[in-house]
Amino acid sequence: MDLASLTAQLQALRAEALPRIAAAPDLAAIDELDLHYLGRKGGALSVLMRGIGALPVEDRPRVGVVVNEVRQAVEGALGAAREGAGAAALAARLAAETVDVTAPAREIPRGALHPILETIDRIAAIFGQFGFVSYEGPEVETDATNFRMLNIPPDHPARDLWDTLYVDVPGGLLRTHTSPGQIRVMQAERPPIRALLPGRCFRYEATDASHASEFYQVEGLMVDEGTNLADLKGQLVEFAHAMFGEGTATRFRPGYYPFTEPSVAFDIGCLVCGGSGCAACGRTGWMTILGAGMVHPVVLRHGGIDPERYQGFAFGMGVDRIAMLRHGVTDLRVFLDGDLRFLEQFR
Ligand code: PHE
């Protein structure tokens, strides 16, 4: 190997490389050529440079100059090619990702509150104005909280009204009413208490248009010094007027619940017939919307509250019944079906 032939080979390498690099179609091809010509180990330039060692010492710097020229030329070509390929790739991406701002918007399906939930919200908003705060109790309660602490011992006949589904934990059952929430709130809070407890309840029930084994209640509880039946009546009448209209007729009847004493049933004038009597109200002109009463001293004590000092009232209303009245629904099973043809009417 002599100076002339090595120089010639270097020039030939440049002559071959530059057009190939200029013609490379994309960045991957350019990288490949980079490796092929300038790669440290097997690159064409490195291979030629191995020949330098065989030259006479005085020739070596001269060939070094040529090597540098060739390397710079190839590097320059690679750099220019990369810039071009990058610009082309960017232009392609911009073209591909163009957003057509004039295209019609894709429709986002709009949901709505279920009529039961919407009714609960309305009830909570009205009682919220009276200072009642919403709490949530568990759907799986125990025999103690659902019955015994509410003054319903194991052999009490009232249990027949509240048969339910039992779960696989000791004493566990699906709550038959929201009243166990009274115990939970009293145990967690000190008077004055104004609590609202909406939620789902369960009963062992033969299903028909007005009975389901799953339904919703809203429990109310107020405990303070000197709370009395007049407070309860005033609050419920105000509620009925806010919920069903100022002119709505109301009445209280004596009732019975083991956990309230005295107990009442609260009726409103039938919203369907206006009080003259129809099928919806069983020809009585009245509709019962809740049970209520003064919290029994035994229940206050189970809640850790001294009945000598504090008194309370409680009520439990059926949400499904109220939602039916609000929306003219005649079969409560539609609330549970999840049928979109029904639900979409409430958007
Ligand atoms: N828990 C009763 C029921 O489910 C309703 C009620 C609640 C009555 C609170 C009085 C006080 O029928």
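Biologist: Is strand β8 mostly covered or mostly open, and how many of its residues are buried?
Modeller: Strand β8, residues 286-295, is mostly covered, with 8 of its 10 residues buried, where buried means under 20% relative accessible area, exposed means over 50%, and partly exposed is in between, using a 1.4 Å probe and protein chains only. Helices (H or I, at least four residues) and strands (E, at least two) are DSSP runs numbered from the N terminus.

Biologist: Before I go on, what kind of model is this?
Modeller: This is a predicted model, in which local features need pLDDT of at least 70 and side-chain atom pairs count only at pLDDT 80 or more, while totals for chains, interfaces and linings use all residues. Residues are numbered from 1 along each chain as its sequence is written, and side-chain values use heavy atoms, with hydrogens and water left out.

Biologist: Back to the strand, then: how many bridges join β7 to β8?
Modeller: Strand β7 (residues 260-269) and β8 run antiparallel and are joined by 8 bridges, and two strands are said to pair if DSSP finds at least two bridges between them. Thr260 stands opposite Val295 in β8.

Biologist: And which way does β9 run against β8?
Modeller: β8 and strand β9 (residues 311-318) run antiparallel, with 5 bridges joining them, and Leu290 stands opposite Met317 in β9.

Biologist: Which residues of helix α10 are buried?
Modeller: In helix α10, residues 319-327, the buried residues are Val319, Asp320, Ile322, Ala323, Met324 and Leu325. The helix is followed by Gly328, which has a positive phi near 65°.

Biologist: Is Glu141 buried or exposed?
Modeller: Glu141 is buried, at a relative accessible area of 1%, whereas Arg184 counts as partly exposed at 36% relative accessibility.

Biologist: What about Asp267, where does its partner Arg251 sit?
Modeller: The side chains of Asp267 and Arg251 meet in a salt bridge of 2.8 Å, N to O, and the pair links distant parts of the chain, with Asp267 in strand β7 and Arg251 in strand β6 (residues 250-257), 16 residues apart. Asp267 is buried, with a relative accessible area of 1%, while Arg251 counts as partly exposed at 30% relative accessibility.

Biologist: Last one: at roughly what angle do α1 and α2 cross?
Modeller: Helix α1 (residues 3-23) and helix α2 (residues 27-38) cross at roughly 175°, and their axes come within 11 Å; axes are lines fitted to C-alpha atoms, for helices over the stretch in contact, and angles run from 0 to 180 degrees between N-to-C directions. The two helices are therefore roughly antiparallel to each other, a label for angles over 145 degrees.

Biologist: Which residues make that contact?
Modeller: Leu13, Glu16, Ala17, Arg20 and Ile21 of α1 make it with Leu33, His36 and Tyr37 of α2, where contact means heavy atoms within 4.5 Å.

How values were computed:
Angles under 35 degrees count as roughly parallel, over 145 as roughly antiparallel, 65 to 115 as roughly perpendicular and the rest as oblique. A salt bridge is a side-chain nitrogen of Lys or Arg within 4 Å of a carboxyl oxygen of Asp or Glu.
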